[in-house]
Amino acid sequence: MNDINWAILSPIIILQLLLMVVALINCLRAERTNGPKWMWTLIILFISLLGPIAYFVFGRRND
């Protein structure tokens, strides 16, 4: 029961970290976002895999 299959979990963890870093960099470099930047930063940091995806779908502005 305590056996963790790292072969399955490690790509998901790496994908999550990569998405989080790219989303944070993009959010901090953007001049304007849909909504306040502090809100998107918290969403990216605390909503694990869905936060960065939500930022890329709803948070970025394409001006």
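Predicted model: local features only at pLDDT ≥ 70, side-chain atom pairs only at ≥ 80, totals over all residues.
Residues are numbered from 1 along each chain as its sequence is written. Local features need pLDDT of at least 70 and side-chain atom pairs count only at pLDDT 80 or more, while totals for chains, interfaces and linings use all residues; side-chain values use heavy atoms, with hydrogens and water left out.

Within H1, Met20, Ala23, Leu24 and Cys27 are buried, meaning under 20% relative accessible area with a 1.4 Å probe, protein chains only. An α-helix has 3.6 residues a turn, so residues three or four places apart point the same way. The buried residues of H1 pack against helix H2 (37-46) and helix H3 (50-59), where contact means heavy atoms within 4.5 Å.

H2 and H3 also meet each other. Trp40, Ile43 and Ile44 in H2 touch Gly51, Pro52, Ala54, Tyr55, Phe58 and Gly59 in H3. This contact has seven nonpolar residues, two polar and no charged; Gly counts as polar here.

UniProt, in an unreviewed entry, places the feature "transmembrane region" at residues 6-26 and 38-58; such annotations may be inferred rather than shown by experiment. Residues 6-26 are 100% helix, with end C-alpha atoms 29 Å apart. Residues 38-58 are 86% helix, and their end C-alpha atoms lie 15 Å apart.

Conventions. Buried < 20%, exposed > 50% of the residue type's maximum accessible area, 1.4 Å probe, protein only. Helix = DSSP H or I, 4+ residues; strand = E, 2+ residues; numbered from the N terminus.
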